[in-house]
Amino acid sequence: MEFLIIGCILGFFILLAVGYQQTKASPQMDLREKLKNLAKDPEAMAREIELGAERKSPLAAIDFRRIFAKFTGQSYLDSLEKELTQCDIPLKPGEFLAVRFGAVILAFIVALLISHNPYLAAAIGGLALVLHIPILKIKRSMRIDKFVTQLAEFLILITNSLRSGQTFLQGVDIASKDSPNPIGMEFRMLLKETNLGVPVETAFSNMLLRVPSEDLKIVMSAFSIQRNVGGNLADIMDQVAAMIRQRITIQGQIKVLTTQGKLSGAIVGLLPFGLGTVIAFINYDYMSKLWTPRTGDNLPFVDRYMGPIMLGLGVFMELLGCFVIYKICDIEV
């Protein structure tokens, strides 16, 4: 067991050393060449501005992306980068994967030292490996909901600026300075992109990638139609703001009506875990039979691992039940 713990710790530090060495060995790109490459890709340029100007990561000195790209592939890193942007997490994909790798090793070592059971430690390490999925989903949903809640008032500020004789971008500039995050930050990003020569429609599309909201898509469609067809942009934005308010009101009513079902699913799903934890503290030997294989030379595989199999089946059924209840209560507007 001691050799296993030492090997995990050494593997993590070797990963850090290799990443630092590759960062030192790779030549630095010329600033003009870097700007030229970013100008070809507005989304990458926006991401570079966001990471460079507003966010500083303590892990930025190590190029983890090059290391993990050999194992995960470039497409996975691109998808992860998009997800981190939507969640407003100030980490690059390689840095996020390095944090996950360290969390899995730490969870495995702590569980192994406490329980002295490699099977339980491996299960806890696997849980730490996938724990980021619901966390990122919840954080992404909360950020989008907060953005949509602020969007109607933001459009009213733009409408007042348009009626006072200012342009759309001038109205966005004034409104973004007086608005809280995340909507203020996102529209400031839009202004930065347009100042660097990106068309407004493209900047809106980039914002839609960062904030995948149906309400923002409606705003972008209304703006594009007005640019191509014509009309009073102030009246259009006023009508869009009123429609977004109505959508928020309907969503709030649906949320109130479905809260009881979601709460019941959460209680039913968490009750076995809570009860199992309490029983494990009271009588650990009794509960440990669920994750400890039976000893015996002539026991079949199923009889030997009956406890872990039943435990895994129970966890799977609990998660499946919670998922079904959530899908029933999830009503799209």
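Colleague: In this model, are F147 and F187 buried or exposed?

Modeller: Keeping in mind that the model is predicted, both F147 and F187 are buried.

Colleague: How many aromatic pairs does the structure hold, and how should I read one of them?

Modeller: A pair of aromatic rings is described by the distance of the centres and the angle of the planes. The structure holds seven aromatic pairs, and one of them joins F147 to F187, with 6.5 Å from centre to centre and 5 degrees between the planes, an arrangement that counts as stacked. This pair links distant parts of the chain, since F147 belongs to helix α8 and F187 to helix α10 (residues 183-195), 40 residues apart.

Colleague: What is the arrangement of the rings of Y284 and W291?

Modeller: Their centres are 5.8 Å apart and their planes stand at 55 degrees, so the pair formed by Y284 and W291 is tilted. Y284 has 34% relative accessibility and therefore counts as partly exposed, whereas W291, at 14%, counts as buried because the cut-off for that class is under 20%.

Colleague: Which residues form one aromatic cluster with F147 and F187?

Modeller: The cluster consists of F147, F154, F168, F187, F204 and F223.

Definitions and conventions
Residues are numbered from 1 along each chain as its sequence is written. This is a predicted model: local features need pLDDT of at least 70, side-chain atom pairs count only at pLDDT 80 or more; totals for chains, interfaces and linings use all residues. Side-chain values use heavy atoms; hydrogens and water are left out. Rings of Phe, Tyr and Trp (its six-membered ring) pair if their centres lie within 6.5 Å; planes under 30 degrees apart count as stacked, over 60 as edge-to-face and the rest as tilted. Helices (H or I, at least four residues) and strands (E, at least two) are DSSP runs, numbered from the N terminus. Buried means under 20% relative accessible area, exposed over 50%, partly exposed in between (1.4 Å probe, protein chains only).
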